[in-house]
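Please keep the sequence and the model in view while reading.

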Amino acid sequence: MGSPLTFHRFDRELNSYASQQDLLLVAISGGMDSVALLHLASQFLRSDHDIYAVHVNHGLRDASNPEEQFVKELCKSLDIPLSIHRADTPQQKGESMEMWARRIRQSAFASAQEKFNCDWILTAHHANDNVETILMHLDNGCGIEGLRGIPKQNGNILRPLLNFSREDISEYVRENGLNYVEDSSNKDTSIRRNHIRYNVVKPWKEQTHNIIQRFSALSFKASHAVQRMDEVINLLAEKVKSNNHRFIIEDNVMNCLIGNQKVRLVKQLMGETERAWRRHGWTSIENWMAHAETGSIFQINGKWSILRDRKQWVLKQKTMGHDGYRLSLNSVDGFKENHDHSKEIIDGRTLEGKDIQLRPWHAGDQFNPLGMNGTKKVSDFLIDKKVDRFTKENQLVVTADGEIIRAVSYTHLT
């Protein structure tokens, strides 16, 4: 930042991500920022990239159709194929207008990308948008992740104007004599982003000339800090043992991390690194982990829960039935020492002509463990074996006509 917006600088920004000959889809609303983006991209028509455009008509304002017509004429003048998408699905229950509009745009972008077989979708987010986003994240009580602001790349979406300010773009539009449409809703300060833009950032800029550059530098530093933290957490995740839809995180791994990082490790193991968690969910698990006692379980969501065990944490994914266990009976000629815990040798005379079942254990169940005279409660046996709560809940027994002849489990019991 600090230098004017030129095609040369735009080309350098874009091609640090996109390869030559990649097909580009430009999202254009008709406003100043997207018109500048489309004009810059159109200059590739004489060189590397094929350019296409997509416009979304949400149908929320009287100006929506005139704006669509403006975009059609602009793309025709630049000889750029255009895909028009009109909102035709209602808001879902509990969905805000902003969420609905974002969903419509994402659907339109995906449809147009498939239609034109494009490699990248370009949007016109710029440095001022980034400042507003960071401030909204701060208002939401974000951690360091929120200070990253808007990423330059998110999947196949690129934002090549993110290093340029609104003033840079305005100057480019003026110098090139470009026409654009004004969205009256951008002045509505009842909209949160507009409130921050006009009532927070604008007066702040009047007192501090380079505030946009400072926030861009902050965003850059935060992005690199989070990237480095993710690299460390990925290395730790590789040391975590896993089996039967569960991860065993030893205390010596968790003790390397602070509360926020512990949650990030859990997210990594769950495969939800890129999925945003609401602040309440994030802080709830962080607070629980700080005070969890042995045997305490936290339900993260409908699929995952985490147990505080004696000197470890057990992260478990919910599965159908009993994690895929089944009972298979095969005859053998005689007894042979067995080191495979998935297989047991049982006296066939205890099974002959009886109803054999594999079922969860119940309170009060008793059986006769190998090498022991008399019976013992399954619950007491599990306590003696220091079996964690997750394993207890999934403990299975084999019965013959209702009498327990064997206790089986994941790893502890033989």
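Strand 3 (residues 82-86) has two faces: Ser83 and His85 lie on the covered one, while Leu82, Ile84 and Arg86 lie on the uncovered one. The model is a predicted one, in which local features need pLDDT of at least 70 and side-chain atom pairs count only at pLDDT 80 or more, while totals for chains, interfaces and linings use all residues. Residues are numbered from 1 along each chain as its sequence is written, and side-chain values use heavy atoms, with hydrogens and water left out. Helices (H or I, at least four residues) and strands (E, at least two) are DSSP runs, numbered from the N terminus.

**Strands 2 and 3**

Which way do strand 2 and strand 3 run, parallel or antiparallel? They run parallel, and 5 bridges join strand 2 (residues 51-57) to strand 3. Two strands count as paired if DSSP finds at least two bridges between them. Val54 has Ser83 of strand 3 as its bridge partner. Ser83 also belongs to the covered face of strand 3. Together with helix 3 (residues 64-78), strand 2 and strand 3 form a right-handed β-α-β unit. Right-handed here means that, with the strands pointing away from the viewer, the path from the first strand over the helix to the second runs clockwise.

Buried means under 20% relative accessible area, exposed means over 50%, and partly exposed lies in between (1.4 Å probe, protein chains only). Contact means heavy atoms within 4.5 Å.

His39 lies in helix 2, which covers residues 32-42. What is the relative accessible area of His39? The value is 18%, so His39 counts as buried. Apart from neighbours within four places in sequence, His39 is in contact with Tyr172, Asn176 and Leu178. With Tyr172 there is also a polar contact between the two side chains, at 2.7 Å. A polar contact is a pair of N or O atoms within 3.5 Å; within protein, one must be able to donate a hydrogen and the other to accept it, and residues adjacent in sequence count only if both atoms are side-chain atoms.

Arg166 has its place in helix 6. Residues up to four places away in sequence aside, Arg166 touches Met32, His126, Asn128, Asp129, Glu132 and Arg197. Arg166 and Ala127 are 39 residues apart in sequence, yet their C-alpha atoms are 7.1 Å apart in space.

An open sheet of 5 strands has the order 7-8-11-10-9, and its pairing is antiparallel. Strand 7 (241-243) and strand 9 (297-299) are the edge strands, each pairing on one side only. Strand 10 (residues 304-308) and strand 11 (residues 312-317) run antiparallel and are joined by 5 bridges. One of the pairs is Trp304 with its bridge partner Gln317 in strand 11. Gln312 also lies in strand 11, and it touches Ile248, Ile249, Glu250, Asp251 and Leu307, not counting residues up to four places away in sequence.

**Accessibility of single residues**

The table gives the relative accessible area of some single residues.

| Residue | Relative accessible area | Class |
|---|---|---|
| Gln21 | 52% | exposed |
| Asn117 | 59% | exposed |
| Cys75 | 1% | buried |
| Cys118 | 7% | buried |
| Gln312 | 18% | buried |

Most residues other than glycine have a negative phi. Gln21 has a positive phi of about 80 degrees although it is not a glycine, and it lies in the loop between helix 1 and strand 1. Asn117 has a positive phi near 60 degrees and sits in the loop between helix 4 (97-116) and strand 4.

A disulfide is a pair of cysteine sulfur atoms within 2.5 Å. By this rule the count is 0 disulfides.

**The whole chain**

The chain has 13 helices and 16 strands. Of its 414 residues, 42% count as buried. Among contacts with a separation of 6 or more, 66% are between residues 24 or more positions apart.
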